[in-house]
Amino acid sequence: MEARQGAAIKSLRTRGAVSELLESSIPVAAPFDAIATTYDDAFSNSSTGRVQRRLVWIETDRIFRAGQRILEINCGTGIDALHLASRGIEVIACDSAPGMIAVAQHRLKTSPIRTAVDFRCLPTEQIALLEKGGPYDGILSNFAGLNCLSDLNSAARDLARLLRPGGKAILCFFGRLCLWEICSYLAGRDFRKAFRRFHRKGVVATLAPGSTVVVHYPSVPSLRRLFSPHFRLESWRGVGIAVPPSYLEGLTVRFPGLLELAAKIDPWLGRCPGFRALADHVVLIFERSTLSNS
Ligand SMILES: C[S@@+](CC[C@H](N)C(=O)[O-])C[C@H]1O[C@@H](n2cnc3c(N)ncnc32)[C@H](O)[C@@H]1O
């Protein structure tokens with residue numbers, strides 16, 4: 001499987017599918033390339049990753065409808081794009097990492113889904129290039145791709161230009177105060193990691209030797225402010241309060257009953273003021289306001 005995906009990445013490169021990036025003047029690093037073929041095993045296919053994704057799908061399935069055109073940014077290996085397509089939604093899905101896009105295209109090719117999914121290798125910093133094809137009915141960003149951006153203000157402005165007035169953007173960020181993370185690292189006396197999400201300038205995360213990404217952890221109030229010129233924050237929920245982050249998968253393997261119970265109470269805790277702020281991820285539902293222009 002890995003070899004086939006590696007070949008798919010090579011073919012994507014030689015076919016020039018990354019030309020948009022190469023021609024661009026903005027330097028774009030794609031550190032997730034280093035883990036493209038292992039990402040699903042480490043995150044998406046872990047039991048904690050699957051449960052957390054199902055919780056995000058509660059929102060996507062409530063808000064996005066068959067027949068709509070949805071733009072997904074930082075789509076990774078395409079799991080959400082195919083989920084939306086399986087529900088009759090047309091999807092344009094972008095990511096800056098050619099390797100992730102190759103895995104996504106491979107997933108599409110081997111799936112029975114016939115609804116259009118257009119995977120593109122395009123960084124969010126250049127998402128405005130898609131304006132000609134817009135406006136879109138909705139926007140999705142799942143599992144913290146936006147936490148990798150250093151300039152969220154520009155991203156908010158560009159996304160506003162792509163979304164129709166009244167359209168919804170479902171944006172999933174890392175939470176700032178993940179209870180599981182704080183407790184587990186404190187238990188191991190790693191104080192730096194326990195409170196890493198409070199660093200104002202972001203934290204360098206090593207994905208693989210030589211591949212690093214700076215991760216920023218904005219709070220929900222600061223995100224509300226940052227998006228407010230163009231969007232109204234309709235609601236938000238926590239995902240992963242009782243359900244641990246995927247790097248604690250070992251714990252749920254040792255105590256399977258724990259995950260079962262956590263999966264049952266997480267949807268409720270995620271909506272509960274107070275508790276929802278303790279989540280691994282937060283899902284913000286923004287509505288494109290009709291008054292402001294970008
Ligand atoms: C944690 S993964 C999430 C992937 C996917 N959304 C999911 O739910 O599995 C973060 C993704 O963001 C992408 N990413 C990081 N920085 C980006 C950027 N500046 N523009 C577009 N994608 C970016 C990475 O390549 C990676 O695929």
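**Figure 1. Pairing of strands E8 and E9 in the predicted model.** Leu-233 stands opposite Phe-286 in E9. E8 and E9 pair in the antiparallel sense over eight bridges; two strands pair if DSSP finds at least two bridges between them. Helices (H or I, at least four residues) and strands (E, at least two) are DSSP runs, numbered from the N terminus. This is a predicted model, in which local features need pLDDT of at least 70 and side-chain atom pairs count only at pLDDT 80 or more, while totals for chains, interfaces and linings use all residues. Residues are numbered from 1 along each chain as its sequence is written. Six of the eight residues of E9 are buried, so E9 is largely enclosed by the rest of the structure. A residue is buried if 20 or more other C-beta atoms lie within 10 Å of its own, exposed if 12 or fewer, and partly exposed in between, with C-beta atoms placed from the backbone.

**Figure 2. Strand E5 and its pairing with E4 and E9.** Strand E5 covers residues 163-174; nine of its 12 residues are buried, so E5 is largely enclosed by the rest of the structure. With E9 (residues 281-288), E5 runs antiparallel, and seven bridges join the two. Leu-171 is opposite Leu-284 in E9, and Cys-172 is opposite Val-283. With E4, E5 pairs in the parallel sense over five bridges. Here Ile-139 stands opposite Ala-169 in E5.

**Figure 3. Helix H7 in its β-α-β unit.** E4, H7 and E5 form a right-handed β-α-β unit. A crossover is right-handed if, with the strands pointing away from the viewer, the path from the first strand over the helix to the second runs clockwise. The buried residues of H7 are Ala-155, Ala-156, Asp-158, Leu-159, Ala-160 and Leu-162. They pack against strand E1 (69-73), E4, E5, helix H10 (220-227), strand E8 (231-239) and E9. An α-helix has 3.6 residues a turn, so residues three or four places apart point the same way.

**Figure 4. The loop between E4 and H7 at Phe-143 and Ala-144.** Phe-143 lies in the loop between strand E4 (136-141) and helix H7 (152-162). With 24 C-beta neighbours inside 10 Å, Phe-143 counts as buried. Leaving aside residues up to four places away in sequence, Phe-143 touches Cys-172 and His-281; two residues are in contact if their C-beta atoms, placed from the backbone, lie within 7 Å. Arg-53 is 90 residues from Phe-143 in sequence, and their C-alpha atoms are 8.4 Å apart. The phi of Phe-143 is positive, near 50 degrees, in a residue other than glycine. Ala-144, in the loop between E4 and H7, also is not a glycine and has a positive phi of about 75 degrees. Ala-144 is partly exposed, with 19 other C-beta atoms within 10 Å.

Figure 5. Most residues other than glycine have a negative phi, and most peptide bonds are trans.

**Figure 6. Strands E2 and E3 with helix H6.** E2, helix H6 (residues 98-109) and E3 make a right-handed β-α-β unit. Strand E2 (residues 90-95) runs parallel to E3, and five bridges join them. Cys-121 in E3 is the bridge partner of Asp-95.

**Figure 7. Helix H5 and the residue Gly-88.** H5 (residues 79-86) is mostly covered, with six of its eight residues buried. The buried residues are Ile-79, Asp-80, Ala-81, Leu-82, Leu-84 and Ala-85. Gly-88, which follows H5, has a positive phi near 80 degrees.

**Figure 8. Surroundings of the ligand.** The ligand is surrounded by 21 residues, of which Phe-32, Asn-74, Gly-76, Ser-96 and Gly-145 are the closest; a residue is near a molecule if its C-beta atom, placed from the backbone, lies within 6 Å of it. By class, this shell has 11 nonpolar, seven polar and three charged residues. Ala, Val, Leu, Ile, Met, Phe, Trp, Tyr, Cys and Pro count as nonpolar, Asp, Glu, Lys and Arg as charged, and the others, Gly among them, as polar.
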